[in-house]
Amino acid sequence: GKKIMLPKVIDYRLAYLLGIICGDGHLAEPNHSYDKLTSYNSELRITDQNQDTFVFLTKLFEGLFRYTPKIYSEKSKVDKSFYRFVIRSKPMHRFLMVVCGLPVGDKRGKTKIPEIIKNAPLELQKWFIAGFFDADGCILTKNKWPAITITQYNSKILEEIKEISLKLGINWKGPYSYHYEYNNCTIKIYCREDVQRFLNTIPSLNPIKIKQRKILWEKLKIIT
């Protein structure tokens, strides 16, 4: 396989990427191979509906691992386009699984903030939340009162995000459980002061989210 570099320390880029993977990524169970010739399944997948997401993620992987992933385009069952990285690198997989403590296989019920992030300074915890929000977060600007939400199958990680956010002065409401469709849970911010504090405190690297944040700022200026 390709030679890659592994990070020696955790910085904002790695904290952000771990947030992305916890949200939109899938780290394969190493013993569940995709073919008979492979003894170790080293697959990492990151999926998103927007191709622009992968332009900046490519730079992230190049900076952290000296690795340039390929962007694949696929069609969903309802004929919608989506994009993904499919990375097969045993050193990277083992690094993310063993060193960073990311769950492998089916994430449902297992998604939580990794210990490497919990033990990191608050500044790096903030960047993990930024990555997780860029993956699973939503900015609602069409309603009369704008809101920020994060939806996840597992409420545990949402509770952990609430806990860290309080240290940053951000107060999420929830988690609210929606059992009627995907058994999802959601946390929300809709108080104007908390929305502004979130926008001022939690950064973003995702070009789509950055545009949405600008729209939200304009909306907040109008609301009196």
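Phe 128 and Phe 132 lie four residues apart in helix α5 (residues 122-136), so about one helical turn separates them. The structure is a predicted model. This briefing covers aromatic pairs, charges over rings, a pocket and a cavity.

**Aromatic pairs**

- The rings of Phe 128 and Phe 132 are stacked, because their planes meet at 10° and planes under 30 degrees apart count as stacked. The ring centres of Phe 128 and Phe 132 are 6.3 Å apart.
- Phe 128 and Phe 132 are both buried.
- The count of aromatic pairs comes to ten.
- Among these pairs is that of Phe 65 and Phe 95, which is edge-to-face, with 80° between the planes and 6.1 Å from centre to centre.
- Phe 65 belongs to helix α2 (residues 51-65) and Phe 95 to helix α3 (residues 90-99); at 30 residues apart, the two link distant parts of the chain.
- Phe 65 is buried, as is Phe 95.
- Phe 65 and Phe 95 also belong to one aromatic cluster, together with Phe 54, Phe 61 and Phe 85.

**Charges over rings**

- Tyr 40 has Lys 90 over its face, at 4.9 Å from the ring centre.
- Tyr 176 has the charged end of Lys 188 over its ring, 5.7 Å from the centre.

**Second largest pocket**

- The volume of the second largest pocket is about 220 Å³.
- The lining of this pocket has 13 residues, and those closest to the pocket centre are Asp 24, Asp 48, Gln 49, Asn 50 and Ala 135.
- Strand β2 (43-48) and helices α5 and α8 (207-222) are the elements that give two or more residues to this lining.
- By residue class, the lining of the second largest pocket has six polar, four charged and three nonpolar residues.

**Cavity**

- One cavity of 30 Å³ or more turns up in a search of the whole structure.
- The largest cavity holds about 50 Å³ of space.
- Ile 21, Cys 22, Gly 25, Leu 27, Leu 102, Pro 103, Lys 107 and Thr 111 line the largest cavity.
- At least two residues of that lining come from α1 (12-24), and at least two from β1 (25-27).
- Five residues of the largest cavity's lining are nonpolar, two are polar and one is charged.

Note on methods: Residues are numbered from 1 along each chain as its sequence is written. This is a predicted model: local features need pLDDT of at least 70, side-chain atom pairs count only at pLDDT 80 or more; totals for chains, interfaces and linings use all residues. Side-chain values use heavy atoms; hydrogens and water are left out. Rings of Phe, Tyr and Trp (its six-membered ring) pair if their centres lie within 6.5 Å; planes under 30 degrees apart count as stacked, over 60 as edge-to-face and the rest as tilted. Buried means under 20% relative accessible area, exposed over 50%, partly exposed in between (1.4 Å probe, protein chains only). A charge sits over a ring if NZ of Lys or CZ of Arg is within 6 Å of the ring centre and within 35 degrees of the ring normal. On a 1 Å grid over the protein atoms alone, a cavity is a set of points where a 1.4 Å probe fits but cannot get out, and a pocket is an open set with protein on both sides within 12 Å along at least five of seven lines; lining residues have an atom within 4 Å of a point. Grid points are joined across faces, edges and corners, and a volume is the space filled by probe spheres set on the points. Ala, Val, Leu, Ile, Met, Phe, Trp, Tyr, Cys and Pro count as nonpolar, Asp, Glu, Lys and Arg as charged, and the others, Gly among them, as polar.
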